[in-house]
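Thank you all for coming.

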Amino acid sequence: MNALKITTAKYSKAHAASAAWSKQTQRAGQADYVARAAYFAAQLADARKSVDADAITALISETNGRCKRNTITLFSEVWALAVEAETKLQRAGVPTKLRAGATYQFRQAGPANSYKGQMNVSDITMVRVSDGWRLKSYSVASVSPRTSEIRVLTVSADAKRAIVQQAMEGFALAT
């Protein structure tokens, strides 16, 4: 399948810049969305250079067929999901070497109500390898009204231990 790479180094720079912007805008009492959006647009441009983004976009449009309204249609949306998954792993305290093997599944929610009963949405599965994320599968799924959105990050047993250790840091168990 096509490769979707987000290297840890690029992600760390993007995350650090985002955190810096957040702190700066919190101090100023206003949101500086234009500067943050410009920075992430530059990061997306770098990501497009290191990946065959056109091939991924072609795969998405071929799989979607005529479905355009409630499905993912752009490479940037897939890239944002990979960044979201990497963010979750980093915030959970999973070391880079233990991130390989993690899978991230995303499926959009169903409609609030629908006269026809079903709606077509995107269903994506990505796998974390040593140097970034890979798009494992992309499909269009039919969901019923009021179906919940799925955002599941599955990690290995070693990564789970690292998450628990990070969460319990500073605590002691009562006997």
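This is a predicted model: local features need pLDDT of at least 70, side-chain atom pairs count only at pLDDT 80 or more; totals for chains, interfaces and linings use all residues.

Let me start with Glu-84, which counts as partly exposed because its relative accessibility is 23%; buried here means under 20% relative accessible area, exposed means over 50%, and partly exposed is in between, with a 1.4 Å probe and protein chains only. Residues are numbered from 1 along each chain as its sequence is written, and side-chain values use heavy atoms, with hydrogens and water left out.

The side chain of Glu-84 meets that of Arg-151 in a salt bridge, at 2.5 Å from N to O, where the term stands for a side-chain nitrogen of Lys or Arg within 4 Å of a carboxyl oxygen of Asp or Glu. This pair links distant parts of the chain, since Glu-84 sits in helix α4 and Arg-151 in strand β4 (residues 150-154), 67 residues apart; helices (H or I, at least four residues) and strands (E, at least two) are DSSP runs, numbered from the N terminus. Arg-151 counts as partly exposed because its relative accessibility is 34%. Arg-151 also forms a salt bridge with Glu-149, at 2.8 Å from N to O, and Glu-149, at 40% relative accessibility, is likewise classed as partly exposed. Together, Glu-84, Lys-88, Glu-149 and Arg-151 are linked in a network of salt bridges, and the structure holds 7 salt bridges.

Now, which residue forms a salt bridge with Glu-86? That residue is Arg-128, and the closest N and O atoms are 2.9 Å apart. Arg-128 lies in strand β2 and Glu-86 in helix α4, so the pair ties together parts that are 42 residues apart in sequence. Arg-128 is buried, with a relative accessible area of 1%, and Glu-86 is buried as well, at 0%.

Strand β2 (residues 119-129) is mostly covered, with 8 of its 11 residues buried. β1 and β2 run antiparallel and are joined by 5 bridges, and two strands are said to pair if DSSP finds at least two bridges between them. Within this pairing, Phe-106 has Ile-124 of β2 as its bridge partner. On to β3 (residues 132-143), which pairs with β2 in the antiparallel sense over 11 bridges, the two strands forming a hairpin with 2 residues between them.

Leaving aside residues up to four places away in sequence, Thr-125 touches Tyr-104, Gln-105, Arg-134, Leu-135, Lys-136 and Ser-137, where contact means heavy atoms within 4.5 Å.

Ala-102 and Ser-156 are 54 residues apart in sequence, yet their C-alpha atoms are 6.6 Å apart in space.

Turning to the interior, a nonpolar core is a set of buried Ala, Val, Leu, Ile, Met, Phe, Trp, Tyr and Cys residues joined through side-chain atoms within 4.5 Å. The largest one has 23 residues, of which Ile-72, Leu-81, Tyr-104, Ile-124, Met-126 and Trp-133 touch the most other members. The elements giving two or more residues to this core are α3 (53-64), α4, β1, β2 and β3, and the largest share, 8 residues, comes from α4.

Finally, the surface. Leu-173 is found in the segment after α5 (157-168), and at 73% relative accessibility this residue counts as exposed.

That is where I will stop, and I am glad to go back to any of these residues.
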